[in-house]
Amino acid sequence: MAKAPKKSTQLRGRKSSTAVYWEKKFIPILRKLHGNHYRSMFHRIMKKTSRVKSSLKKRSEEYEVVFDIELPEIRALMHKSYGKKCKYCDDKLICTNIVFDHATAISHGGPSTLENIQIICARCNTRKGPLSDSDYRKILKFVLSQEDYVQRYIFKKLASRDIHK
């Protein structure tokens, strides 16, 4: 995986070499998906990936699991997945619905590493909850084999917070 250049100090009015690197990678995709709003989406992505790193680090400390993922890896994962379909459904992954999820839940000892982080849509992340990737796929296979009204009912229940009550 290509590594971003080391962050340099930003001079007055100039972008850091890191920002320029990511801008060159993201802008073609963002122009295609967001038209004239591509620049604001780029800034949202940069902020979001930075917040994701902080959040993963904090949660990893709380659950006492390994945290071994750097910001360039998070941004590369975002770049690789941006505009593509969610691995569980057909939703297109964009800044407003993209979520970094642990394939093996952090609450079950899953580490915050590149190998255990996947990008999915927010709706599937809510439905998946703390299930492992393989367990959620089993549930999906079962649900998708049911009639439409049963599918809607089960997905609604999976997405609700009161499922255990």
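1. Surface and model. The chain exposes about 10,700 Å², and carbon and sulfur atoms supply 52% of that area. Keep in mind that this is a predicted model. Of the 165 residues, 39% count as buried.

2. Overall layout. The chain holds 6 helices and 4 strands. Read from the N terminus, the order of elements is α-α-β-α-β-β-β-α-α-α. Contacts were also sorted by sequence separation. Among those with a separation of 6 or more, 50% join residues 24 or more positions apart.

3. H1 against H2. Two packed helices are described by the angle between their axes and the distance between the axes. Helix H1 covers residues 17-34, and its axis comes within 9 Å of the axis of H2. The two axes cross at roughly 125°. An angle of that value lies between the perpendicular range, which ends at 115, and the antiparallel range, over 145. H1 is therefore oblique to H2. The crossing is right-handed.

4. Who makes the H1–H2 contact? From H1 come Ala19, Trp22, Glu23, Phe26, Ile27, Leu30, Arg31 and His34. From H2 come Tyr38, Arg39, Met41, Phe42, Ile45 and Met46. By class, the contact has 10 nonpolar, 1 polar and 3 charged residues.

5. H2 against H3. Helix H2 runs over residues 38-63, and helix H3 over residues 71-81. Their axes come within 10 Å and cross at roughly 125°. H2 is therefore oblique to H3. This crossing, too, is right-handed.

6. Residues between H2 and H3. On the H2 side, the contact uses Ile45, Met46, Lys48, Thr49, Ser50, Val52, Lys53 and Leu56. On the H3 side, it uses Leu71, Ile74, Arg75 and Met78. The set divides into 7 nonpolar, 2 polar and 3 charged residues.

7. Which loop holds Glu64? Glu64 lies in the loop between H2 and strand E1 (67-68). Its phi is near 55°, a positive value in a residue other than glycine. Most residues other than glycine have a negative phi. Is Glu64 buried or exposed? Its relative accessibility is 74%, so Glu64 counts as exposed; the cut-off for that class is over 50%.

8. Phe67, in strand E1. Phe67 has its place in strand E1. Its relative accessible area is 24%, so Phe67 is partly exposed. Buried would need a value under 20%. Not counting residues up to four places away in sequence, Phe67 touches Lys53, Leu56, Lys57, Ser60 and Ser112. Phe67 and Leu114 are 47 residues apart in sequence, yet their C-alpha atoms are 9.5 Å apart in space.

9. Gly129, between H4 and H5. Where does Gly129 lie? Its place is in the loop between helix H4 (122-128) and H5. At 30% relative accessibility, Gly129 counts as partly exposed. Gly129 and Leu158 are 29 residues apart in sequence and 8.3 Å apart in space, C-alpha to C-alpha. Leu158 is one of the H6 residues that meet H5.

10. H5 against H6. Helix H6 covers residues 148-159. H5 and H6 pack at an angle of about 150°, with their axes 9 Å apart. Roughly antiparallel requires an angle over 145. H5 is therefore roughly antiparallel to H6. The contact brings Tyr136, Ile139, Leu140, Phe142, Val143 and Leu144 of H5 to Gln151, Ile154, Phe155 and Leu158 of H6. By class, these residues divide into 9 nonpolar, 1 polar and no charged.

11. Leu144, in H5. Leu144 lies in helix H5, which spans residues 133-144. Which residues does Leu144 contact, leaving aside its neighbours within four places in sequence? They are Gln151 and Phe155. Leu144 and Phe155 are 11 residues apart in sequence and 10.0 Å apart in space, C-alpha to C-alpha.

Terms used. Residues are numbered from 1 along each chain as its sequence is written. This is a predicted model: local features need pLDDT of at least 70, side-chain atom pairs count only at pLDDT 80 or more; totals for chains, interfaces and linings use all residues. Side-chain values use heavy atoms; hydrogens and water are left out. Helices (H or I, at least four residues) and strands (E, at least two) are DSSP runs, numbered from the N terminus. Buried means under 20% relative accessible area, exposed over 50%, partly exposed in between (1.4 Å probe, protein chains only). Contact means heavy atoms within 4.5 Å. Accessible areas come from the Shrake-Rupley method with a 1.4 Å probe; for residues, only the protein chains shown count as cover. Axes are lines fitted to C-alpha atoms, for helices over the stretch in contact, and angles run from 0 to 180 degrees between N-to-C directions. Angles under 35 degrees count as roughly parallel, over 145 as roughly antiparallel, 65 to 115 as roughly perpendicular and the rest as oblique. A crossing is left-handed if the near helix is turned anticlockwise from the far one by less than a right angle, and right-handed if clockwise. Ala, Val, Leu, Ile, Met, Phe, Trp, Tyr, Cys and Pro count as nonpolar, Asp, Glu, Lys and Arg as charged, and the others, Gly among them, as polar.
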